[in-house]
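Open the structure in your viewer and keep the selection tool at hand. The stops below go from one group of side chains to the next.

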Amino acid sequence: MTMAGQTINDRLLAARHSLAGQGLAKSVCKATTEECIGPKKKHLDYLVHCTNEPNVSIPHLANLLIERSQNANWVVVYKSLITTHHLMAYGNERFMQYLASSNSTFNLSSFLDKGTVQDGGMGVPGGRMGYDMSPFIRRYAKYLNEKSLSYRAMAFDFCKVKRGKEEGSLRNMNAEKLLKTLPVLQAQLDGLLEFDCQSNDLTNGVINMSFMLLFRDLIRLFACYNDGIINLLEKYFDMNKKHARDALDLYKKFLVRMDRVGEFLKVAENVGIDKGDIPDLTKAPSSLLDALEQHLATLEGRKVSAANTPTQSSSYQRTNVKSAVSALSSTSSAFGTAAASSKFDTSNGIDEQLKAQVLAEEEAAMNQYKSKVSSPTSSGAGGASAALTNPFLSSPPASQAGQPIVDLFGAASAQPAATAAASGASQALATKASDDLLQLGNPFADMFEASGNSVAAASTGATGDAGDGTAAEYAATGSPFDWGAADDDGRGAQ
């Protein structure tokens, strides 16, 4: 089957869900088709909307996505992971809470797609796309599991917490809680960095979209991580021996992860992300690590360098910590600005050329529609025909003003005419059918226009007796079929 569009399996599955009345399952199916592009934005937006609806079952939605991840086709599996990640990032928090509180994890540690030996014209040598994408699917699933576990441990999403010096959650956290929080954050960041892709691996719209979601998470995670390390350094020299040992170990791991984050950002730059949108990494001076180790050695009673007296050591440590906090604060500012930007939030992984083609087709279809449909007030044959067939005009077209038309709804307008005849107000007889509540117009108006005019003339100069004319009787009774309301010629009694 071709990868240029939805496959027969996609269409059959969507039709099956439609016949069964399973709208949510159909939407999940549409978002996770076998088409080798990222999930379409309209399907993702609809599923995000569903997470905010109280009558939508979040467990059912999550289980549908997990079920799709058990498919044999790598495209379906990958897109189910992308859709889940998107809902984690932009959906209602209930979705994240369910994934964290249940055992519904992605068991894809051994996933390998050997059956889809096809490249669909995507330029993959030997048609090994499914085989080549399988490792990234396994790593991506592991990261999503780590993201859920982090939420379970902390009861909040690191990508959504407040950042910065004033209101940052990790920046203002006490030392004991900070030492418990940073390892959880490190584990999630490790899961993300283990995705470990290079620019030549990003060969199709599916993996490109997952990379953009991971890039967004990385910016937010490292902004929090950096805030936590600044807070840790500020409290380091006031910690006891055990806490200082843990803090030093966390700082050493932070330096390693900072290098790996730099490598990830280089890949992002190589795949076309504007360099101005990639935050700068400013490292702390290497002398800070020596100062931290010397302080810990002092707490543990180990020998320190003879060149450093306690007074010199204290001054040296304060200077290094101050310069390190200044350097890391600039990194926090850069990552915080990038994290606050919504530029990457609207990325849907669709190729720009495909997007331009779709927009051009929509514009052409709209222009064609506008050329067929003209305004009711426009001149020419087209405008006249539109005016003749428009039931929403407040008055009938001038071309039909003199034509007799049949009035099957004359009873409603003839009864006020009879009342006006009895009171001498003959102007009420001129009530138009187009003066109804919605001004929809009456295509059957004035059937008995001539007869109505003769009745009006008779009623203005006589005693109210309609005489022997049948048209006068119709006007007085309000309906040609309502004989019970006839006047005093005696036929009403019959």
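How many residues apart in helix 5 are W74 and Y78? Select both to see: W74 and Y78 are four residues apart in helix 5 (residues 74-90), so about one helical turn separates them. Bear in mind throughout that this is a predicted model.

**The whole chain**

Zoom out and colour by secondary structure. The protein chain has 17 helices and zero strands. Of its 494 residues, 41% are buried. Among contacts between residues at least 6 apart in sequence, 75% join residues at least 24 apart.

**Aromatic side chains**

A pair of aromatic rings is described by the distance of the centres and the angle of the planes. Across the whole structure, a search finds twelve aromatic pairs. One of them is W74 with Y78, an edge-to-face pair at 6.4 Å centre to centre with 65° between the planes. W74 is buried, with a relative accessible area of 1%, and Y78 is buried as well, at 0%.

Next, select F136 and F195. Their ring centres are 5.5 Å apart and their planes meet at 50°, so this pair is tilted. F136 belongs to helix 7 (residues 129-154), while F195 sits in the loop between helix 8 (175-193) and helix 9 (205-236); the pair therefore ties together parts that are 59 residues apart in sequence. F136 counts as buried at 7% relative accessibility, and F195 counts as buried at 1%.

W74, Y78, F136, Y140 and F195 form one aromatic cluster. Then show R139, which lies over the face of F136, 5.1 Å from the ring centre.

**Salt bridges**

A search of the whole structure finds eleven salt bridges. Start with K41 and D45, whose side chains meet at 2.7 Å, N to O. The two are four residues apart in helix 3 (residues 41-51), so they are separated by about one helical turn. Are they buried or partly exposed? K41 counts as partly exposed at 37% relative accessibility, and D45 counts as partly exposed at 36%.

Move to K252 and E293, where the salt bridge is 3.5 Å, N to O. This pair links distant parts of the chain, with K252 in helix 10 (residues 241-270) and E293 in helix 11 (residues 287-300), 41 residues apart. K252 is partly exposed at 37%, as is E293 at 32%.

Staying with helix 10, pick D259 and then K283. These form a salt bridge with the closest N and O atoms 2.4 Å apart. D259 is in helix 10 and K283 is in the loop between helix 10 and helix 11, 24 residues apart, so again the pair links distant parts of the chain. K283 counts as partly exposed at 49% relative accessibility, and D259 counts as partly exposed at 38%.

M366 lies in helix 13 (residues 352-372) and is partly exposed, with a relative accessible area of 44%.

Key
Residues numbered from 1 in each chain as written. Predicted model: local features only at pLDDT ≥ 70, side-chain atom pairs only at ≥ 80, totals over all residues. Heavy atoms only, no water. Buried < 20%, exposed > 50% of the residue type's maximum accessible area, 1.4 Å probe, protein only. Phe/Tyr/Trp six-rings, centres within 6.5 Å; stacked < 30°, edge-to-face > 60°. Lys NZ or Arg CZ within 6 Å of the ring centre and 35° of its normal. Contact = heavy atoms within 4.5 Å. Salt bridge = Lys/Arg side-chain N within 4 Å of Asp/Glu carboxyl O.
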